[in-house]
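Colleague: Could you walk me through how to read side-chain contacts and helix packing in a model?

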Amino acid sequence: MSQLNTFQRIRELPREQQIVLALYLCERMVPNYDFFHHLTGFGDSKPLHGSLNACWDWVVNPKKTKVNFARWQEKVDEQTPSEHGHDMLGVYPAMDACTAISTLLQGLMDDNAANLLDVAKISQASVAKFIELNDAEDVGTENLKEHVDNHELMEYEIAIQQAMLNFLEQQPTVNSALVKQLKMMLSDEGVSNLGLALDAEE
């Protein structure tokens, strides 16, 4: 379940599957922004959710669905918080969620598979950073990397990415039925990549 193995498998996916995997991972990060917004009142979650919904619609029917990826990217970037002025750990996962969506949109604009792979890297890095910021003081710098690698959140993140790869590698095409199934899987999982409930902002 190594990270490198995960990233290599993503590179080998057809483009359509790379896109839906990136979308799936972005959906798992957005609740972290929702939670931050709920706690601080900063920003607006609607452009994040709206951009992902537009991308899902486009994936299902790219010939008939027109999406202004650049405009959605602007809207997401406008809601991206800065670590300056927010003295709380939650700002980093919120920033990462925006970065992941912006990266996905850039990949769709440029038809660049590297951006789609970067979404998986951002999601893993976001989990690692969250663990480090929470536990560094208790664990110490010498043992921190091993602690992060063996932490249940990181193990779960890599396991989710591997499970989605196993699933997508078996799918011949991306269609509305597959997208519906993926959204059901997100709902059933019910937590973000940091373990926050999807309705944490309620």
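Colleague: Which side chain is joined to Arg 9 by a polar contact of 2.5 Å?

Modeller: Gln 162: its side chain and that of Arg 9 make a polar contact of 2.5 Å. Keep in mind that this is a predicted model. Arg 9 also has a polar contact of 2.9 Å, side chain to side chain, with Glu 169.

Colleague: Where is Arg 9 found, and what else does Arg 9 touch?

Modeller: Arg 9 is in helix H1, which covers residues 3-12. Leaving out residues up to four places away in sequence, Arg 9 touches Leu 165 and Asn 166 as well as Gln 162 and Glu 169.

Colleague: Is Arg 9 buried or exposed?

Modeller: Go by the cut-off: buried means under 20% relative accessible area. Arg 9 has 15% relative accessibility, so Arg 9 counts as buried.

Colleague: Let's go to Gln 171. Where does Gln 171 sit?

Modeller: In the loop between helix H8 (152-168) and helix H9 (176-189). A polar atom of the Gln 171 side chain lies 3.1 Å from the backbone oxygen of Phe 167. Beyond its neighbours within four places in sequence, Gln 171 is in contact with Gln 17 and Leu 178.

Colleague: How far apart are Gln 171 and Lys 75?

Modeller: In sequence, 96 residues; in space, 32 Å from C-alpha to C-alpha.

Colleague: On to helix pairs. At what angle do H2 and H8 pack?

Modeller: Helix H2 (residues 15-40) and H8 pack at about 150°, and their axes are 11 Å apart. Their crossing is right-handed. To see who meets whom, look at Gln 17, Val 20, Leu 21, Tyr 24, Leu 25 and Arg 28 on the H2 side, facing Tyr 156, Glu 157, Ile 160, Gln 161, Met 164, Leu 165 and Leu 168 on the H8 side. By class, that contact divides into nine nonpolar, two polar and two charged residues.

Colleague: And how do the axes of H4 and H5 cross?

Modeller: At roughly 165°, with the axes of helix H4 (residues 69-78) and helix H5 (residues 91-110) coming within 9 Å. Angles over 145 degrees count as roughly antiparallel, so H4 is roughly antiparallel to H5. H4 passes H5 in a left-handed crossing. Among the residues making the contact are Phe 69, Trp 72 and Val 76 of H4, along with Ile 101, Leu 105 and Met 109 of H5. By class, this contact has nine nonpolar, three polar and one charged residues.

Colleague: What about H5 and H6: at what angle do they pack?

Modeller: About 175°, with the axes of H5 and helix H6 (residues 113-139) 8 Å apart. H5 and H6 are therefore roughly antiparallel to each other. The residues that meet include Tyr 92, Asp 96, Leu 104 and Gly 107 in H5, and Leu 116, Val 119, Ile 122 and Phe 130 in H6. The class count here is nine nonpolar, six polar and four charged residues.

Colleague: Which residue has a positive phi without being glycine?

Modeller: Start with the background: most residues other than glycine have a negative phi. Here, Asp 111 has a phi near 55°, which is positive in a residue other than glycine. Asp 111 lies in the loop between H5 and H6.

Colleague: Is Asp 111 buried or exposed?

Modeller: Exposed means over 50% relative accessible area. Asp 111 comes out at 52%, so Asp 111 is exposed.

Methods: Residues numbered from 1 in each chain as written. Predicted model: local features only at pLDDT ≥ 70, side-chain atom pairs only at ≥ 80, totals over all residues. Heavy atoms only, no water. Helix = DSSP H or I, 4+ residues; strand = E, 2+ residues; numbered from the N terminus. Contact = heavy atoms within 4.5 Å. Polar contact = N/O pair within 3.5 Å; in protein donor to acceptor, adjacent residues only side chain to side chain. Buried < 20%, exposed > 50% of the residue type's maximum accessible area, 1.4 Å probe, protein only. Axes fitted to C-alpha atoms, helices over the stretch in contact; angles between N-to-C directions. Parallel < 35°, antiparallel > 145°, perpendicular 65-115°, else oblique. Left-handed = near helix turned anticlockwise from the far one by under 90°. Nonpolar A, V, L, I, M, F, W, Y, C, P; charged D, E, K, R; others polar.
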